Amino acid sequence: MDPDRPVARAMAVGRDRILAVGTEVQAERWRGRRTQVWALPPSQVVVPGFIDAHAHVALDAWRRTWVQLGECKSHEEAVARLRARAIKTPVGPWIVGRGWDESTWPERRYLTRDDLDRASTRHPVLANRVDGHMCSVNSVVLRRLQFRAGDVGVETRSGRPTGVLKEDAANRARQAIPHPSDEQRGELLAGMIAYLHSLGITSVHDMVSDAHIRAYQLLRRQGRLTARAYLMPYADRLDALVASGLRTGFGDAWLRLGAIKVFADGSFGARTAALHKPYADDPQRRGQL
């Protein structure tokens, strides 16, 4: 990254610091009995660890166990993947998917309760859209949580909920999913951090709930936290954090309190992003703050 010296023959790293960048002689000065040596071909490049400045690592650690719908090319393929998981799952547990995007499908409409009822009518089924601001649920979920036409965020057609839930309504459905224990979250987070390392990511600014904070603290206590984490709690925890006397920066080099995560509005895909004028393809909506 130095335009005057864009290429170096060697580097030395120790005690979490880059000690030398330059010639092999300059790097050799730091060799010791416990030195590890890597020889890279000229085509490979050494870079500092990447910092992901907006991540959902602790949440994604759990979401990676859900049915992945991001590569589905149609409603039918998404329903088939959910149905395949339901067939292998005993009656009762939720079937949860994530990542569908109708804007890339031949029929550009949201997944509905009728679609998800074809995946299963014996399991609660919830499928999150790619933007995270909405989801679709089957009839089991609508009955269990008593969603009604007229509820904020509940899409209806001819007075009947379609199964499409947005913003707070979607969050209410997600909260009903049985969540992992703190110990399970810790193990999931450890696996997710290993995946981050495979991408060259060594530090994250993570949007976290209370449960996510506990998972990070568990790994820190166990000496297993191998990524630096800057935790950004959601805004509903702001008053409690202020009352406790905590401030941004509290913690240590591996785990510290960061900023507060605030939602101003939603997403374009869910038609909840707040606009001055109505949506061109949905004149009844201007989003919401």
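How many aromatic pairs does the structure hold? The structure holds four. Keep in mind that this is a predicted model. Now start selecting.

**Stop 1: W100 and Y110**

Select W100 and Y110. A pair of aromatic rings is described by the distance of the centres and the angle of the planes. Here the ring centres are 6.1 Å apart and the planes stand at 70°, so the pair is edge-to-face. W100 belongs to strand β5, residues 95–100. Y110 sits in the loop between β5 and α4 (113–119). The two residues are 10 apart, and their pair links distant parts of the chain.

Are these residues buried or exposed? W100 has 0% relative accessibility, so W100 counts as buried. Y110 has 13%, and Y110 counts as buried too.

**Stop 2: Y234 and F263**

Next, select Y234 and F263. Their ring centres are 6.2 Å apart, with the planes at 10°, so this pair is stacked. Find Y234 in the loop between β11 (228–233) and α9 (238–244). Find F263 in the segment after β12 (255–257). The pair therefore ties together parts that are 29 residues apart in sequence.

**Stop 3: an aromatic cluster**

W100, W105 and Y110 form one aromatic cluster.

**Stop 4: arginines over rings**

Select R64 with Y195. R64 lies over the face of Y195, 4.4 Å from the ring centre. Then select R228 with W254. R228 lies over the face of W254, at 4.4 Å from the ring centre.

**Stop 5: R81**

Select R81. You will find R81 in helix α3, residues 75–87. With a relative accessible area of 30%, R81 is partly exposed. Which residues does R81 touch, not counting residues up to four places away in sequence? R81 touches V67, Q68, L69, E71 and C72. Zoom in on Q68: the R81 side chain reaches the backbone oxygen of Q68 at 2.7 Å.

R81 and R247 are 166 residues apart along the chain. Their C-alpha atoms are separated by 44 Å.

**Stop 6: the cavity**

How many cavities of 30 Å³ or more does the structure hold? It holds one. The largest cavity has a volume of about 40 Å³. Select the residues that line this largest cavity: A58, A61, W62, R185, L188, L189, H212 and A215. Colour three helices to finish: α2 (57–63), α7 (182–198) and α8 (210–221). Each supplies at least two residues of the lining of the largest cavity.

Note on methods:
Residues numbered from 1 in each chain as written. Predicted model: local features only at pLDDT ≥ 70, side-chain atom pairs only at ≥ 80, totals over all residues. Heavy atoms only, no water. Helix = DSSP H or I, 4+ residues; strand = E, 2+ residues; numbered from the N terminus. Buried < 20%, exposed > 50% of the residue type's maximum accessible area, 1.4 Å probe, protein only. Contact = heavy atoms within 4.5 Å. Polar contact = N/O pair within 3.5 Å; in protein donor to acceptor, adjacent residues only side chain to side chain. Phe/Tyr/Trp six-rings, centres within 6.5 Å; stacked < 30°, edge-to-face > 60°. Lys NZ or Arg CZ within 6 Å of the ring centre and 35° of its normal. 1 Å grid on protein atoms, 1.4 Å probe; cavity = no way out; pocket = protein on both sides within 12 Å on 5 of 7 lines; lining within 4 Å. Points joined across faces, edges and corners; volume = space filled by probe spheres on them.
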